[in-house]
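Visitor: I am new to this structure. Could you give me a close look at one part of it, the helix packing?

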Amino acid sequence: MQAVKRILQFLKPYKWLAILGPLLMVVEVTMDLIQPTIMQHIIDTGIANQDHTYVVKMGILMIVSALVGLIGGVGCSIFSAKTAVHFATDIRKDLFDTISYFSSSNRDEFGTGKLITIMTSDVEALQRALMMTLKIFVRGPLLFVGSIVIVFMTARQLFPVLLIVVPVLIICIYFFTKLSGTMFGKVQLAIDAVNTKLQENLAGIRVIKAFNRKRHQIEQFTDVNNQLTKRTITADQVVAVLMPLTMFVINMGIIAALWFGAIKVDNGTLQVGVILAFINYLTIIMNGLISSSMVLMQIARAFPSANRVHKILATSIDIQNTEKPIQLEEVRGAVTFRNVSFSYSKNGEQVLKNISFTAHPGDFIGIIGTTGSGKSTLVKMIPRLFDVDQGQIFIDDIPLKHYDLEMLRENIGFTPQKATLFSGSIKENLQYGNQKSLEKDMYKALDAASATEFVEKLKDDLQHNLTQGATNLSGGQRQRLALARAFIRKPSILILDDTTSAVDSISEKNIQQAIATDYQNTTTFIVASKISSIINANKILVMEDGAIVGMGTHEELLENNKVYQEIYDTQVEKGGVLSE
Ligand SMILES: Nc1ncnc2c1ncn2[C@@H]1O[C@H](COP(=O)(O)OP(=O)(O)OP(=O)(O)O)[C@@H](O)[C@H]1O
């Protein structure tokens with residue numbers, strides 16, 4: 001219920017539109033309801049007494065009421081659609097804002113596929129439910145109640161037929177609405193599965209091709225797709241049975257009305273027009289009941305969606321500013337880790353174990369170690385992509401958590417292991433690093449990242465457009481641009497997480513040279529798999545199984561650290577270190 005309350009808050013700015021829509025629907029329904037009565041009068045008074053003037057008068061009244069009904073109906077549709085669309089747009093915007101502030105663990109908790117499904121299909125379900133509620137929810141019950149009242153007032157002789165037909169209709173509709181609610185709930189879950197599979201496949205299309213797993217993926221997708229088809233057909237069948245069944249009940253009602261009506265007309269106690277009006281009202285009652293049940297079904301389907309949307313909106317962001325965050329003019333870049341431990345899941349295995357080291361401003365810190373030893377995790381702690389579980393991290397002797405997050409990250413140039421670029425021009429991607437940067441700054445950063453040559457070769461230079469995921473660049477080109485984006489920030493702390501793995505060794509040397517000269521006051525952390533990338537570091541951290549097992553310069557470690565020696569020996573054997 002809390003979720004529904006929260007979601008309904010989004011309706012507040014459009015409350016007048018949301019009131020106007022159903023009000024106009026009342027106009028349409030009123031006009032619909034008086035039509036059969038006008039017709040009854042035309043037959044029983046106008047035609048029966050051969051009164052042409054009366055017939056024409058009533059005919060005009062019928063046309064006018066139909067036109068007024070039309071205006072009401074169109075107005076209701078316009079206002080309801082407007083309300084529902086704005087309502088959904090605002091929810092999507094709030095969801096996007098919330099997700100933008102998500103920490104990495106917040107995002108991992110939901111998973112990308114689910115987040116996309118919630119932002120699209122769940123919001124759409126809410127939009128549809130609101131639209132139908134505004135348009136039809138008023139119409140259905142009004143038609144139903146209005147018709148019953150009119151029949152009671154004008155065709156009381158046939159009212160007993162209603163007393164049998166209406167309860168039977170209500171039972172049928174109740175049963176089918178409940179059943180289809182369950183069915184459509186299952187359809188929504190199947191849509192989730194299809195979306196997740198689709199998203200996974202699109203993101204990993206190259207891997208799928210490279211591993212020749214197309215057929216396997218197609219089989220998996222076919223499975224979830226067939227499941228969706230099966231569930232949708234079953235749900236649609238339930239809805240499809242409802243209509244003929246209610247028509248059957250109505251037809252039985254019509255037969256009964258004609259039967260008893262004919263007897264009463266014969267007795268002279270009933271007029272023919274009353275029977276015709278009664279039949280019309282019977283159909284209206286059925287329509288009213290069916291459309292109300294359709295809305296109820298949509299609302300029932302929207303409840304789980306409201307819960308899922310609310311779950312995102314109510315997520316407490318686990319990495320936030322403290323109450324009075326510190327803003328500094330300048331960060332010098334001294335980084336200290338003091339007994340830092342961390343695990344990704346609360347009770348899971350520790351990925352960082354009791355990490356302690358100090359980096360002075362301008363230091364070059366190299367980090368090397370076995371796969372999965374925690375190197376990336378360690379550097380992710382510095383811009384607070386994750387928060388430590390135990391111990392503390394300091395920058396310029398101030399605890400990390402005391403800094404204003406935005407200010408902290410503005411002073412850090414971070415290049416993650418996977419060079420993520422955005423669709424748009426190269427220029428826009430570089431401006432991501434520094435909004436205010438001029439073209440000369442961009443070329444300087446590109447120079448430092450050994451990227452100028454390839455960018456200048458492109459037809460549009462800085463305006464060259466990158467596709468989604470920058471798939472129109474090579475892996476090495478992507479890495480260089482990601483590096484340039486970090487350089488352009490002119491950060492106090494630079495973090496490169498294995499970002500030169502796809503860069504040739506000459507370019508890598510140039511990049512190292514540029515860092516040493518242009519960024520000599522910047523504290524630089526380089527995570528590397530090759531010793532050659534960090535051989536000149538002031539301090540190298542050797543990691544194994546989440547712990548620092550060696551710390552020192554290249555020469556010191558070669559002399560006294562077994563793990564480092566092993567890495568060195570393996571790379572020398574392969575010619576990796578000697579060739580540099
Ligand atoms: N988002 C995450 N959620 C849960 N576990 C994670 C997550 N990221 C990494 N891990 C786990 O944490 C451990 C350390 O990972 P990390 O990426 O820090 O290692 P690494 O030393 O950088 O590895 P590599 O050299 O292969 O890049 C691994 O066991 C990994 O499975």
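Guide: Gladly! Let's start where α7 passes α9 in a left-handed crossing. Handedness works like this: a crossing is left-handed if the near helix is turned anticlockwise from the far one by less than a right angle, and right-handed if clockwise. The model is predicted, with local features needing pLDDT of at least 70 and side-chain atom pairs counting only at pLDDT 80 or more, while totals for chains, interfaces and linings use all residues. Residue numbers start from 1 along each chain as its sequence is written. Helices (DSSP runs of H or I, at least four residues) and strands (E, at least two) are numbered from the N terminus.

Back to our pair: helix α7 spans residues 159-203, and its axis comes within 9 Å of that of α9, crossing at roughly 170 degrees. Here axes are lines fitted to C-alpha atoms, for helices over the stretch in contact, and angles run from 0 to 180 degrees between N-to-C directions. α7 and α9 are therefore roughly antiparallel, a label for angles over 145 degrees, whereas under 35 is roughly parallel, 65 to 115 roughly perpendicular and the rest oblique.

Now follow α9 (residues 214-267) to its other partner, α10 (residues 272-313): these two pack at about 160 degrees with axes 10 Å apart. That makes α9 roughly antiparallel to α10, and α9 passes α10 in a right-handed crossing. Among the residues that meet are Gly253, Ala257 and Gly261 in α9, with Phe278, Leu282 and Met286 in α10; contact means C-beta atoms, placed from the backbone, within 7 Å.

Elsewhere, α2 and α6 (residues 139-154) have axes that come within 10 Å and cross at roughly 30 degrees. That makes α2 roughly parallel to α6, and their crossing is right-handed. The contact includes Val29 and Leu33 of α2, and Gly146 and Ile150 of α6.

Finally, look along α2 itself: its 33 residues, 15-47, reach 47 Å between the end C-alpha atoms, close to the 48 Å expected (1.5 Å times one less than the number of residues). A kink of about 25 degrees lies at Gln35, shortly before Pro36; this bend is the angle between axes fitted to the seven residues ending there and the seven starting there.

Conventions
Two residues are in contact if their C-beta atoms, placed from the backbone, lie within 7 Å.
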